[in-house]
Amino acid sequence: MKNSFILLGRLRSVLLALVFMIGCSFAFAQTKTISGVVTGSGLPLPGVNVKIKGGSTGAVTDFDGIYKIDANTGDVLVFSSLGFAAQTVTVSGESNIDINLVEDAEVLDNVVVIGYGSVAKKDLTGSVVSVKAEDIEKVQAVSFEQALVAKAPGVRVVTSQGGPGEGFRVKIRGSTSILASSDPLYVIDGFPIDSNGGNNFNSQASGDLGGTQSSPLASIDPSNIQSIEVLKDASATAIYGARGANGVVIVTTKSGKNKNTSFTFETSLGVQKISRQLDLLSPQEYVNVQREANPFTTRPELAFKRFAIFGFRDDKGGNLVLGDNLANDELRSVDWRGLAFREALIKKHALAITGGNDKTWFSARFSYTDQDGVIKNSDFTRYASNFNVSSKINDRLDVGFVTNIGLIKRNGVATATSSGVSAQRSGVLTNLVRAAPVQANTRKLRELAIRLGLDPTALEVDEYGFVEQSPQGGVIRVNPIRQITETTRETTEINGYFNSNIAYKILPNLEAKATFGGSFYFSNGFSFYPGSFGWGRLTNGRAFTSTFRSESFLNENTLKYNVGFGRSKFDALLGFTQQRSRFVNTSSTVTEFEEEAVNLGKLQTGVAEQVNSNGFPEQGTLSFLNRLNYNYDSRYYLTFTGRYDGSSKFGVGDVSSNAKWGFFPSGAFKWTISNENFMSNADFINNLSLRTSYGVTGNQNIPAFITQVENQVELNRGVRLNARIANPNLTWETTAQFDAGLEFGLFNNAVKFEADFYQKSTTDLLYALPVDAATGLVSSTTGSEENRVFTNLGEIRNTGVELSLGVRIIDTKNFKWNADANITFSQNEIRDLGAGGDFIADSNVENRIDQDILFREGERVGSFFGLQTDGIYRYSDFVEFDGLDNVQAARLYRSGGTIAPVSDINIDDTLGDAPASGYTLKPGVVRVQGVQRYRPGVKKYKDQDGDGIVDLDKDRTVLGNNQPDHFGGFSNNFSYKGFDFSVLFNWSYGGEVFNKNLFTNTFGTGTNLYGVVRDRWTPFNTNTNRPSLNSSAVFPLLQSNRSPADDTLIEDASYLRLANISLSYKLPSEMIKSLGLKDFKIFGAVDNAYLWTNYSGYDPDVSVGSPLAAGIDFDAYPRARSFRIGVKGTF
Amino acid sequence: MKKVLLNKIRLTSVFGLLVASFVGCSDILEESPSAFIPKIDASVISEGLLTSVENGLYGSLAQENIFDANGYPTIWGDVGVDVFGSPTFATTPPAVTNNFLPSNEQVNDMWQTHYKALSGVNSAIATFKDVEVEEGSSLEQPLKNLLGSARFIKAILYFNLVKAYERPVIANDLPETVDEVIAQEKPGNATPKEVYELIISELQQAIVLLDDARSSQFATKSGAKALLGKVYLQIAGLLKNNVIQSGFEFKQSAKDFYTLSNKMLDEVINSVDSNGKEVEGAKSYALEKDYSDVFDPSKEGQNSEIIFGVSFKSGGTGSNYGDYYGIIGGPPNGGFQNVLPLFELIYSFYDDFRASEVTFNNLFDSDYPLPVSDSRFLVTFSTFDVQGFNNNPGDLSKLNKNVSPGSFGAYKWIKPIPAPEGETFDRPFDFPYLRYSDVLLMNAEAILGTEMDKAKAVEYLNMVRRRAYRFDVNQTVAADSGRDFNPDPALLNMQEEVHNIGGSNIDPEVDQRPTIEVMSQAKQLQIEAGTIGSYKVLPIDYSAMTSAEDLLVAIMVERRKELCYEGHRRDDLIRNGVLGEVISKVGIAGEFPSKWSFNNYPSNASFNATVNNGSSPRPKDDFQPHKYRFPIPQKQLDINENLSQNSGY
């Protein structure tokens, strides 16, 4: 210990000597003292740096904006302060120089936060996109994704559903992984958010319906954000080493300014409406479909089967009239969607106090957001607070403390469920489609029940006239309105980050900094399905509760040193960090409630079915990091970054290696051509740079404990030895990334252009290799048990080009017009999956279609997988229909083959379009493996290998993928005096959506269906490719009642969205002053104003179900269009 | 200046210490899981650990695709032969039509789960086989029990595998690390002979290790002997009927194996050792007086007939038999009645088959009594369902008695209900794997094979039949006559009473769903309806039967009824080389079933088996001789280049 102090002492002497040597050259000049007041926007400005250009002397203005500095005549003084345009003044004899600095967004723009520091944009060597507060303010963003969408090339924001506060996924430069997460690392005010193998932030109890994704960013109010930096290339992300492979999103919240204390309030109010409606059958069409499926008959043996439909007919089979007069046997229609959807309010109030002096400054912010969903009874409430205080204790010591705490509450309805049409378990959007728009005549139904010897009181009808159960028994139907109003689904999340830092300047150019921080996340979910209807009815009520808690502790220590030799400048960073996180999850399921009215408040009145915890996984990382920047004359830049990372998740390795540790280096070079002498004549070029980088980063997003032997313990099943065996060599997934970029700015930066090419190659994927079942080794990789072992293998490559252009088209004093556009072209390919070959996974929504996601060498990550269709089977494919006219064919078809085509039986005395026996296919007509019955009007599949039989092994192909060919955004900003008007578009071109709703809602009888079934195949409408109503009943299914995906469910995902229109008006300053304010603004915004797409669902920007594949739509909450107005003022 | 420097040093060192206090926690990279046991140190074993590991082994049998309703007994044993007809069972159709494709998920899942269970068994043997404990220590017997159970369970798993796949893999000892797994040579197919020899060796070791002190939920010495007798019998039959074409050349003959089987089963029946001496503490088994008692949930683990049952314990690992097989509306959420008996199976229980008198489309009250005096009939089938009952607890009038035989549920496996706190698919239940009547019938078959005196064989067969027709098991019944069934007047009164239940005995406040009592009362109601009347009962006693061939047929027919739904049928038919013959006659209009499944119909009866089976697929549809065994799953062939497909697939 003593020795090290001596060493430190010596080091210090050497460094001090060095500094003195540099300082010596100025020691001989003659000096005089100059003083003055610096103001900004007319107010004294403390904390302004005053420096002599080219020298080391400097001063800082005090609280009253006064400075004093010793300078020579001819010296140039540089006045600079963050957020203001720097000004220079040449000293010419006077001793008092007052300066008024002008606020400059450009300057603020030019500081970019990078890992463990910040740099001037011009000195940046890596590929980093920076979104600043004013960009966020322009769209008046309510959510983080709104703030980021379409702003950053290479960054794709995929929304999960359209409900308030729903989660989203950010993909930076494509998907790099299969089983580890491809989500970026989020760093909030210096705090990296550890994820538990991608399973974080889900408050759903296991077994509950539907999926709600949350996000660590949902608890942060976008108006508290100072900047969002997206680190894309390896040079930028390598400082985050093992967690940088998927890019890094750094969120910096607002801090105080050394200004007088000011108080800002903001309030806004808006209304949201569902932006599109789906085309469903009209009430009359619905009744027609039911009548077609179950024609009136006088044959007694069919009468029983026709029970449900009798409610639509009079005693002789005649039609009943649609209307409200029930006594007159009219049929009442109900507009379920009209009852379910609403015009929903969105309110936001925010307060902020900022202030401080030249020693200490602070910012405290609080905001309240209350967003109702367009579906009744769903809402999202957020209380977000942010506190930030920094203090300059003395010249050497800076301390700071920042905390962000958010509380989120959600109420909602089950959407995006895994279940398709199990009526009790369907999500509400599916039930809204399927709910019969016309209610059967219950008086007739009861009469018929008696006639058929059934108990008429068993007919259950609720107050909407909705038939929940027929006297025949069978499925209990769920009234979507009761589902919405009577089901409880509530989640509370609390998310907090704390970070304190202490920075000490050992030398003026050597700074040591230590941060200590913590984060916690807590969520609590409650749902209750009452015993009076639907799912809960099966078990006398059903309740779920779950809590998820995570906590994380962080310590980071860095040492920064910068030095210059002539035109060379060095900038070095050394650091050590450690982080440990813990995840705790408990949930329980309770059924069989004693009394329905007493439920979530007293779970012990029911029977506990299941209590779960996930074993309290803990994980830790230890890292050593360093970065060296070298800059020669602002012409040549070199950056070397390296991080040596250790993770608890990996194995101890064998004798020679320790798999826990990995080294992640990167290097970057930038040549700013515009600073070369030979360019000095090209005045119109402000910046022209070429840059390139290469580096390696890692990914460790897998669950904990995966390298350890597991002797599994289960209740009532004892211990299972070696359920998993040791995996000591499991190590990091590594991504090597090459990036080449060009940027230029022309005409005083009126035109700015940036282009990047990248190629990311991920190897040693954390992937599960199939092994011989005889090993008995099983891992559940995608929810189902498979014989796989986790290991490092395979390769994925992402390649892309990103272009962005910003133009100040008109830039006059009163009128400004800026336009910005960016576009990203990206490709993604699985290059190698090792000996295991294809990996097929389930999308986990509407699980009657499964095994529908494919990972295959040569294909993109997460492709949709299934059979191609080839129209439908037609009369001409069957032996029995040869030579029949239309009426004869129809009679044969509708009798299921039991009535001779030439019989004199009326066509209505047949089975209608009910499932019945099949007919004989002619030789040569394609058949499906394992399917015995074929009928006209049923989907026909393409036999890819030409062996005459469609089977799943050989005939399934890639049907699509959500990844677009290109995507991007463009915006226009106009400002005229106090008015500011901006319009933002974003688009995505190419790529597909897997619309599973089409499977659920276009077949079957007894429920309402999508409007597309108007063109269905019927015995009299044969010239169509739309399958018949009942074809699902004879659909070729996989084993276990499941069906393969097919291309009729795949739709083009391209869209162009007018994402945001904003208009704001800033009151003239005299008026503001007369109101006693510093600033006042009125604004209005429209979100999701218009969508151009061919997609038939609500919105093609959707992704529910398994995280393995983006772009699956099923029962997803529709996205709203919102109109908001608000005011913002500062005292 | 100096002071400043000192201050600086002081500050720096405080700072350094602050940092240092956080460094050096190298355990930050440690993992300490609490959700599982990372390592077992066999040198510090405890009784608790041994019990837990042993429970784990038994639990591995009570699993999906092994012995659950979706496992070996159903998919391999009873579906697609002459037991089940038109199942609506979500996952059975390929099995029903014998349409086993190498890509079939069930074919793969069954393979996969058996090896998963085997890896646990192998790990247990590897971990504990060399552990030494002091003689007389309290750990001695638990350790023996654990190792004996492991070998017994290993034998069961390989027995399933070799019967279903014929050339399964013999799994090598488990490698210790994932890298070793990836690097190791994958094992190829074993010959059936190698697998049978492994099974025999494991059971011989189990017989030595185990005693008879424990209940039928555990492996016992007698249980291991009974299973070994079964294994010998299977080998003998396969050899005799030349079922397996290659890899099955033993130096012993078929007759030798029949003899081995007979000896082993004799030891179980007589509670003796291999020298014929009585074994101290040996369990003696007997037929329960009443067939329905064998399946009485209250007697699980302690009835005199079950030798070994696979025990499903509710609480996450319970049974799904009641849900899948159980009668419609039975268990809350369950009672899917996914497997339905074939018409021929139902008819085969009739005393005298009179198709013209029974409307099989729908049975109504007036059709009762049914002409059946075999007491197994109403244990095997439910002639009613309880739809509508769940919403009207306690109201027996909601029981639907007018059920078509096409919808007769499997009453035998109704017993997992009700599970008071059990969820669907999670009910406590012991699946009978080995039971005494099976041992008696197997021994009868073995005796026929040894060509010894047939008297013992006939006696064993008669014992089973007498019990079925409610005679004293040891009572001699006249060989040449049946008997008139004259109901006891008391029974008639009881029927009256049961008819009047109508809720009076049931407190709807208490019973939220049909309790086992309610179900039994309903059952009693049907039993009474089914047995009133006077019908000539078929010969109970087969003593007059002399032809060995006829006797074997009689044994097979008896096994089908006695062991119905217990998963033995396909193996019985294969062992005797008649699977193809039986299947070719099942469910075909106008065809009589094969004598191996139905030997008591009058020659003048007209038979329309398709009344029930209608449009649903029939076993025959896809049957070819190579389907005497499953294909090796395609998924496994894809992964393991050393595996080859069974011929014909």
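How many of the residues of chain A count as buried? Of its 1131 residues, 58% do. Buried means under 20% relative accessible area, while exposed means over 50% and partly exposed lies in between (1.4 Å probe, protein chains only).

This is a predicted model, in which local features need pLDDT of at least 70, side-chain atom pairs count only at pLDDT 80 or more, and totals for chains, interfaces and linings use all residues. Residues are numbered from 1 along each chain as its sequence is written, chains are lettered from A and ligands numbered from 1 in the order in which they are written, and side-chain values use heavy atoms, with hydrogens and water left out.

Start with chain A. It has 16 helices and 62 strands. Both are DSSP runs, numbered from the N terminus: helices are H or I with at least four residues, strands are E with at least two. Now look at contacts, meaning heavy atoms within 4.5 Å. Among those in chain A with a separation of 6 or more, 69% join residues 24 or more positions apart.

A:Thr735 sits in strand 38, residues 733–746. Its relative accessibility is 1%, so A:Thr735 counts as buried. Its side chain makes a polar contact with the side chain of A:Thr762, at 3.0 Å. A polar contact is a pair of N or O atoms within 3.5 Å; within protein, one must be able to donate a hydrogen and the other to accept it, and residues adjacent in sequence count only if both atoms are side-chain atoms. Leaving out residues up to four places away in sequence, A:Thr735 also touches others, including A:Thr176, A:Ala245 and A:Lys760.

A:Asp1101 lies in a loop, between strand 60 (1079–1093) and strand 61 (1112–1113) of chain A. Is A:Asp1101 buried or exposed? It is buried, because its relative accessible area is 10%. Its side chain makes a polar contact with the side chain of A:Thr159 at 2.9 Å. Another goes to the side chain of A:Arg1119 at 3.0 Å. Beyond its neighbours within four places in sequence, A:Asp1101 is in contact with residues including A:Val157, A:Tyr1055 and A:Arg1057.

A:Val983 belongs to strand 55, residues 979–989. A:Val983 is 78 residues from A:Ile1061 in sequence, yet their C-alpha atoms are 4.5 Å apart in space. At 14% relative accessibility, A:Val983 counts as buried. A:Ser546 is in strand 29, residues 542–565. It is buried too, at 4% relative accessible area. Its C-alpha atom is separated by 5.1 Å from that of A:Gly525, 21 residues away along the chain.

Move on to chain B. It has 23 helices and five strands. Of its 649 residues, 59% count as buried.

Which way do helix 15 and helix 19 of chain B run relative to each other? The axes of helix 15 (residues 436–450) and helix 19 (residues 548–562) come within 10 Å and cross at roughly 165°. Axes are lines fitted to C-alpha atoms, for helices over the stretch in contact, and angles run from 0 to 180 degrees between N-to-C directions. The two helices are therefore roughly antiparallel, a label for angles over 145 degrees. The contact includes B:Leu441 and B:Leu448 of helix 15 and B:Leu552 and B:Ile555 of helix 19. Its residues divide into eight nonpolar, one polar and five charged. Here Ala, Val, Leu, Ile, Met, Phe, Trp, Tyr, Cys and Pro count as nonpolar, Asp, Glu, Lys and Arg as charged, and the others, Gly among them, as polar.

Definitions and conventions. Angles under 35 degrees count as roughly parallel, over 145 as roughly antiparallel, 65 to 115 as roughly perpendicular and the rest as oblique.
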